Amino acid sequence: MSRHSIRWRLPLSYAAIALLATLALGSVLLLTLRGYYLRVEREYVQSNAQAISFSLAQLLENGSSPDLLQSQLDSLAFLSNTHVQLFDAAEELVASSDPQVRVAIATARVGESLQALDRVTALVQAGEVPTATLPTAEGALVWIPQGSGERVLLPEGRRRIVPWLLQQDAERAQSGTSETRSSQVARVPVRGSADQLLGYVELSQGPAYAREILEDVAWGLGIAGAVAIALAAVVGWAISRRISHPLGALTQVTAAMADGDLTARADVDRKDELGTLARSFNQMAGQVAEIVTTLRRFVSDAAHEIHTPLTALRTNLELAHQDTGPEGSEYVIQAQAQVERLEALTGGLLDLSRLESPVQAPRLVPVSLLPLLNELGELYASRAEQAGVAFEWSLPEAPVSVQGDEAQLKAALTNLLDNALKFTPEGGRICLGCRQEGGTALLWVEDTGIGLPEADLPHLYERFYRGHNAAPYPGSGLGLAIVKAVVEGHEGQVRAERTEQGSRFTISIRSL
């Protein structure tokens with residue numbers, strides 16, 4: 001099936017539409033989600049920065065030591081899952097949280113049971129880890145500040161985010177991969193009780209909701225898009241079959257009609273546009289068949305009616321020739337030649353009309369070609385000898401048989417031999433040959449006559465067409481048309497070729 005066929009183009013069009021729809025929908029959805037989660041990330045670091053600024057304001061007002069500030073920054077960084085930096089009023093860096101703290105804590109605590117709570121508390125009190133969070137039996141979260149065993153219940157918002165953060169940090173730490181962090185940064189002023197500026201706190205590297213969620217959504221869209229494209233292609237294939245099947249049937253019917261089968265009709269029982277097209281074609285085919293049949297009948301009847309008075313005229317001219325003196329005999333001879341030409345023309349028209357009539361199709365039976373060729377060869381060898389032309393055979397030793405109509409095959413070869421004898425001058429040569437190639441029987445007639453002009457080759461088999469160099473020779477221009485009609489009736493081919501010394505006509509028919 002051709003790649004330009006509707007059977008391929010329609011499914012591909014459906015799949016392309018589904019792909020474009022998926023890309024458009026996915027792009028809009030991903031851009032919308034990206035904008036939303038970037039806003040969530042920004043609000044997250046902004047709100048945490050505001051909350052942390054209040055905690056750090058008390059420590060700065062109380063003049064806490066740098067170690068205490070560092071410890072508090074690490075604890076706040078862990079709880080907020082961000083990187084926290086503290087600047088003074090002159091925007092000089094005072095302290096910065098250690099980004100490895102939350103990874104170490106998360107790695108130590110993921111997967112532990114509630115029975116390990118006392119052991120974790122001891123680790124915190126010993127200073128081995130600055131802070132820790134664990135789930136309680138009720139599903140809440142507690143915060144164990146460094147240096148004490150006090151368990152502080154985390155706010156409701158922290159309960160939802162901290163387990164996920166711990167799990168993500170632990171998995172990244174165990175696998176050795178780098179953590180994906182948000183690019184959002186929030187800086188807020190730290191003000192004292194008297195609203196004086198104590199410094200600035202800056203939060204960065206918060207949780208990156210957008211990237212991971214967008215990756216999951218993109219994978220989901222990819223899978224859904226692939227399924228949609230596959231379904232669209234299947235639906236397109238089914239629709240294309242429903243459309244192309246009647247089109248294929250109609251194409252076969254038109255091809256059959258183009259090959260000369262005027263009885264071909266479209267069998268498409270539909271009520272849509274294709275059904276209307278099929279009915280219109282059948283109506284047109286019926287009208288064409290009626291016109292062609294009428295024309296053939298007219299040609300046959302006219303040729304038959306003309307043949308009768310021509311025969312009588314020919315007889316009268318022969319009698320007149322006997323009674324006419326030498327002065328009038330030349331005109332009688334010319335009239336007889338024209339009558340013979342008209343008789344040949346009407347005879348050719350009758351033969352062609354019978355060959356093209358669907359009622360008188362060839363009766364195909366097994367035919368042995370060698371006896372047929374020998375019979376024609378003996379006849380034309382005698383005629384060639386009288387015309388001073390050499391006649392040759394080229395026949396195989398093994399028999400060659402075809403499924404055909406012997407009378408029609410003889411008529412086709414007779415026309416080719418007549419042309420060869422007519423167009424070959426004295427001293428020339430004619431060859432009648434046959435051979436078998438595979439499952440094909442080849443019959444040819446070759447001569448050393450006047451040859452075939454290049455411009456005449458496409459028109460040789462047209463009715464009444466005569467070559468540019470054939471004008472001085474008598475003829476009706478129907479001989480090769482009869483040859484083509486006979487060969488096509490046997491589902492064969494006829495080919496004309498120019499040779500160095502003349503021309504060659506080859507008939508190809510499937511052999512038995």
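Predicted model: local features only at pLDDT ≥ 70, side-chain atom pairs only at ≥ 80, totals over all residues.
Strand 11 and strand 12 form a hairpin with two residues between them, and Gly-438 in the turn has a positive phi of about 65°.

User: How many bridges join strand 11 and strand 12, and in which sense do the strands pair?

Analyst: Strands of a sheet pair through backbone hydrogen bonds, either parallel or antiparallel. Here strands are DSSP runs (E, at least two residues), as are helices (H or I, at least four), numbered from the N terminus; two strands pair if DSSP finds at least two bridges between them. Strand 11 (residues 429-437) pairs with strand 12 in the antiparallel sense over eight bridges, and Gln-436 has Ala-441 of strand 12 as its bridge partner. Strand 12 is also joined to strand 14 by eight bridges, again antiparallel; there, Val-445 is partnered by Phe-505.

User: Why is strand 12 described as largely enclosed?

Analyst: A residue is buried under 20% relative accessible area, exposed over 50%, and partly exposed in between (1.4 Å probe, protein chains only). Seven of the eight residues of strand 12 (residues 440-447) are buried, so the rest of the structure largely encloses this strand.

User: What is the strand order of the open sheet of four strands?

Analyst: The order is 2-1-7-6, with antiparallel pairing. Strand 2 (93-96) and strand 6 (186-191) stand at the edges with a single partner strand each, so one side of each has no neighbour in the sheet. Strand 1 (residues 83-88) is joined to strand 2 by three bridges, and Gln-85 stands opposite Ser-96 in strand 2.

User: Which residues line the largest cavity?

Analyst: On a 1 Å grid over the protein atoms alone, a cavity is a set of points where a 1.4 Å probe fits but cannot get out, and lining residues have an atom within 4 Å of a point. The lining consists of Leu-369, Leu-409, Ala-412, Leu-413, Leu-443, Val-486, Val-487, His-490, Ile-507 and Ile-509. Helix 10 (406-423), helix 11 (479-489) and strand 14 (503-510) each give two or more residues to this lining, and helix 10 supplies the largest share, three residues.

Key: Residues numbered from 1 in each chain as written. Heavy atoms only, no water. 1 Å grid on protein atoms, 1.4 Å probe; cavity = no way out; pocket = protein on both sides within 12 Å on 5 of 7 lines; lining within 4 Å.
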